[in-house]
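Let's walk through this one together, from a single chain to the place where two chains touch. Have a look at the model first.

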Number of protein chains: 2
Amino acid sequence: MATHYGYTGKSLAFLQKNNLQVGDLVNVTTDSSYNGIIMPRYEYSDDEHIVLKLKNGYNIGLEINKIKKITVESSFTMKREVIPQPHSDPNLPKLLLISTGGTIASRIDYRTGAVTPALTAAELNAAVPELAKIANIDTEVLFSEYSENLLPEHWKKIAEKVNSYVKSEYRGIIVAHGTDTMQYTAAALSFALAGIPIAVALVGSQRSSDRPSSDAAINLISAAKFLVQSNATGIYVIMHNSVSDDEVACHWGTRVRKNHTSKRNAFQTVGESPAYIIRCELIEKNSQFEITKREYLPRINFDTHVALVKYYPGLDPKIVDYLVDSKYKAIIFEGTGLGHIGKVMYESVARAKKKGVFMGMTSQCIDGMIRMTVYESGRDLLNLGILPLANMIPETALVKAMWALGNSKNYEGMEKLMKEKIALEFSD
Amino acid sequence: MATHYGYTGKSLAFLQKNNLQVGDLVNVTTDSSYNGIIMPRYEYSDDEHIVLKLKNGYNIGLEINKIKKITVESSFTMKREVIPQPHSDPNLPKLLLISTGGTIASRIDYRTGAVTPALTAAELNAAVPELAKIANIDTEVLFSEYSENLLPEHWKKIAEKVNSYVKSEYRGIIVAHGTDTMQYTAAALSFALAGIPIAVALVGSQRSSDRPSSDAAINLISAAKFLVQSNATGIYVIMHNSVSDDEVACHWGTRVRKNHTSKRNAFQTVGESPAYIIRCELIEKNSQFEITKREYLPRINFDTHVALVKYYPGLDPKIVDYLVDSKYKAIIFEGTGLGHIGKVMYESVARAKKKGVFMGMTSQCIDGMIRMTVYESGRDLLNLGILPLANMIPETALVKAMWALGNSKNYEGMEKLMKEKIALEFSD
C-alpha cells in the first residue's frame with residue numbers, strides 16, 4: 001500500500017499523480033537538481049511542498065509548482081531489518097526502560113530518515129550493544145511524544161507506571177524522554193514519588209542517533225551503569241556534561257535546567273553541584289547533599305490551576321486579574337532580582353490574595369536565593385502575602401505548586417507543602 | 001519635627017506614646033535585648049511591628065505587643081554632613097551622570113541606614129574621590145525609583161534625556177540604574193538610540209555602598225574610565241565580572257542578563273563575549289563583534305501591547321486567546337528547546353495569526369539558537385506564522401517587539417524591524 005503520511009490537498013494529489021510514496025528515492029529537477037528520499041509530513045503542514053531528505057542528512061522543502069521533473073530512482077519497500085535478539089545474561093541485574101518519546105526513544109529509519117517511535121528491547125540492544133553487558137533491560141513504550149507535547153496528565157501516567165514497578169525485580173528504571181520539557185517531568189516525578197526506594201533516571205539525547213555526534217548511546221550507557229552500580233534512590237536526569245564524549249552528569253531531578261538550545265551539555269544543575277559525575281567506568285559522588293530519607297508515600301496528582309507569571313516592565317497587572325477570575329488557585333511569580341515585581345502589580349496581587357489565591361516568588365535570574373527582606377519592594381510583597389520560595393528554579397516551583405495543589409485540601413495544606421523541602425528542591 | 005515615616009495605626013501610636021522617631025538609637029527588651037536604629041517603613045507594611053537596624057547591618061522586625069521596655073540611647077537629629085565641593089580640573093573631559101534610582105544612585109544615610117536618592121555631583125565625588133581624577137562629572141537626577149518599578153514610559157524618558165545631550169560637551173553618559181531591570185532598559189536604549197555617536201554606560205551595584213563588599217565604586221570608576229578612554233559608541237552595561245575586586249565587564253546592551261539574584265558578578269553576556277573587559281587601568285577589547293555603524297536616527301517609542309508568554313506543560317492556551325481579545329498586537333513566546341510550544345497551543349496560535357497578531361519565538365533555554373526546521377513541532381509553528389528570533393534572549397526580544405510596534409505603522413513594518421539586526425541583538 002502506498003503511504004503518503006501527512007500529505008494533503010495539492011501535495012497529496014501531486015504524489016498520487018506521479019505514483020510516488022513516502023520513502024521513495026527520487027531525482028527532482030526545479031531550477032536545480034536534487035536527489036533524496038520523500039519524507040513524511042505532519043498535521044498543519046501546508047500542501048504546497050514536498051520534503052526530501054538529502055544525502056547530507058538535511059531536509060529540504062520543494063515547492064511543487066516549481067518542480068519540472070520528478071523520477072523514481074528506487075521505490076520504498078516496507079521490509080524491516082531483521083534485528084538479532086539480544087542475548088540475556090542471567091547473572092546481570094534487570095532494568096526497565098520506559099519510553100515516552102523524544103529523539104532518544106526513537107529508532108531512526110535510515111531509509112526515510114523518519115523517526116520510528118517504537119523501541120523494543122531487541123532494537124535497543126542492537127542499537128547500543130554495550131547495554132547487554134551491563135544489565136538485562138526490558139522496555140515498555142508508554143507513549144511516543146516529543147516532550148513539548150507532554151502535559152501534567154502525562155507526568156501522572158509516567159509516575160503511576162514507575163510506581164507500579166517499585167516492588168518488582170527491576171533494580172532501577174530508565175525513562176527515555178524528549179529534552180524540551182525533561183526538567184518539568186523530572187521535578188514532577190521527584191514530588192509525586194518522594195521517598196521512592198529505587199533510582200529513576202530520565203535520559204534524553206540532544207542529537208538524534210543518526211548523527212555521528214549523537215549523545216544517545218553514552219547517556220543510556222551511563223544511566224544503566226548508574227542504576228546498576230550506585231545505591232542512590234530518587235529521581236535523576238542523566239545527560240552529557242562536557243563538550244567532549246567522556247563525561248556525563250547525574251543531576252538532581254528538581255535542580256536541573258536545559259540552559260542551551262542545542263549543545264549536548266545543555267543540561268546544568270542550578271545553585272548546586274550535580275549529584276554524580278559518570279566518567280568511563282567510574283561513578284563519582286559529586287555533591288555533599290543527599291535526598292532526605294522519607295517514607296515512600298506516592299502522591300500522584302497535579303492540578304493545573306496554577307500559572308507561572310514572569311514579570312517584566314510593561315506587564316499588565318490585568319493578567320493577574322484574569323487568572324484570578326479564571327479560577328486559578330495559585331500563581332508562581334518569576335520576579336526580578338531578589339524577588340520583586342513592580343508597584344503597578346500591588347493592587348492586583350492584593351485582590352488575588354483576598355480571593356484566596358496562593359502566590360509564591362521565584363526569580364528570573366534563575367540562580368541565587370530569593371531575599372524579600374532586603375529592599376522595601378520585597379517587604380511590601382511579603383506583606384501582600386507572597387511566599388518567598390528560596391532558590392527553587394521557577395519551572396520546579398511551578399511543578400511543585402501544581403503538585404501541592406493537587407494533593408492538598410485547602411490553602412493551608414498547599415502552603416505547608418510548598419514550605420516543606422520534599423526532594424532537595426531548595427537550599428536552606 | 002518628629003518623623004515616623006511609614007508607620008501607621010498601632011505602630012505609629014506606639015512610637016508617639018514613647019516619644020520616639022525614625023532614626024533614634026534605642027535599646028529594646030522583648031524576650032531578648034536589641035540595640036539599633038528605628039528604620040522607616042513603607043506603604044503596605046503592617047502596623048504590628050517596628051523595624052530596627054542592628055549594628056551588624058541587618059534589619060529586624062519587632063512585634064510591638066512583645067516589647068517589654070524601650071529606651072532611647074541617642075536621639076536622631078537632622079544634621080547633615082558638610083560635603084566638600086569637588087575640585088574640577090579643566091584639562092579633564094566632561095561626563096554626565098543621569099541618575100534613575102536603585103542602590104547605586106543613592107546616598108546611604110549612615111545614621112538611619114535609609115536610602116537617600118538625591119545624588120549631587122558633590123556627593124558623588126565625595127563618595128568616590130577617584131572619579132575626580134578621571135573626568136569632570138555633572139549629575140542630573142531624572143527619577144529615583146528601584147528598577148523593578150520602572151516601566152516602558154521610563155525607558156522613553158531616559159532615552160529622550162540621553163538624546164538631548166548627544167550633541168553636547170559630554171564625552172559620554174553614565175546612567176545609574178537599579179539592577180533588577182537594567183537589562184530591559186539597556187535593550188530599550190539600544191534600539192531607541194541605535195547609531196548613537198557616543199557611548200552610554202548603564203551602571204548599577206549589587207551591594208549597597210554602606211557595605212564593605214559594595215561594587216558601586218569600582219563599577220562607577222570603570223564606567224568613567226571606559227567612557228573617557230575608549231572610542232566605543234552605543235549602549236553598554238558595566239558591572240562586576242569576577243568574585244574578586246579586580247575585573248569589570250562591559251556588556252553589549254542587548255546581550256546582557258542578570259543571572260544571579262545576589263552575586264556581584266550576576267551580570268553575564270549571553271551567547272557572546274562581553275564587549276570589553278576592564279582591569280585596573282586597562283580597557284581590553286574582548287569580542288570580535290562591533291555594533292554596525294548606522295545613521296543616528298532616534299526612534300523613541302514603545303508600545304506595550306506586547307506580551308511575553310513562557311510556555312510550560314499545563315499552560316492554558318486560553319491565555320493566548322485572552323491576549324488577542326485584549327487587543328495585544330504581538331506575542332513573544334519563550335518556548336522550549338530549539339523553539340517549540342505544545343500542540344495544545346496550535347489552535348489559539350492560528351487564531352492569533354488570523355487576527356493579525358505578530359508572534360515571535362525565543363527559548364527559555366536562554367542560550368543557543370532557535371532552529372525551527374529541525375523537528376516537526378518547529379515546522380508546524382513556522383507554518384502557523386511564528387517568526388524564529390535566532391538567539392535573541394527572551395527579555396531583549398520582548399523589548400524589541402515593544403519598540404518595533406511603537407515605531408512602525410503596520411504588521412509588515414513591525415516584522416521588518418524584528419528581522420533587522422539593529423544593535424547586535426542576535427547572531428547571524
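Among contacts in chain A between residues at least 6 apart in sequence, what percentage join residues at least 24 apart? The figure is 69%, where a contact means that two C-beta atoms, placed from the backbone, lie within 7 Å. Keep in mind that this is a predicted model, so local features need pLDDT of at least 70 and side-chain atom pairs count only at pLDDT 80 or more, while totals for chains, interfaces and linings use all residues. Residues are numbered from 1 along each chain as its sequence is written, and chains are lettered from A in the order in which they are written.

Chain A has 10 helices and 21 strands (DSSP runs, H or I of at least four residues and E of at least two, numbered from the N terminus). Of its 428 residues, 51% count as buried, meaning 20 or more other C-beta atoms within 10 Å of a residue's own.

Now hop over to chain B. There you'll find an open sheet of 5 antiparallel strands in the order E4-E3-E2-E1-E5; strands pair if DSSP finds at least two bridges between them. Strands E4 (59-63) and E5 (69-74) of chain B each have a single partner, so one side of each has no neighbour in the sheet. E5(B) pairs with E1 (25-29) of chain B over 5 bridges, antiparallel, and B:Val28 sits opposite B:Ile70 in E5(B).

Finally, the meeting of the chains: 56 residues of chain B are in contact with 56 of chain A. On the chain B side, H8(B) gives the most, with 5 residues.

Note on methods:
A residue is buried if 20 or more other C-beta atoms lie within 10 Å of its own, exposed if 12 or fewer, and partly exposed in between; C-beta atoms are placed from the backbone.
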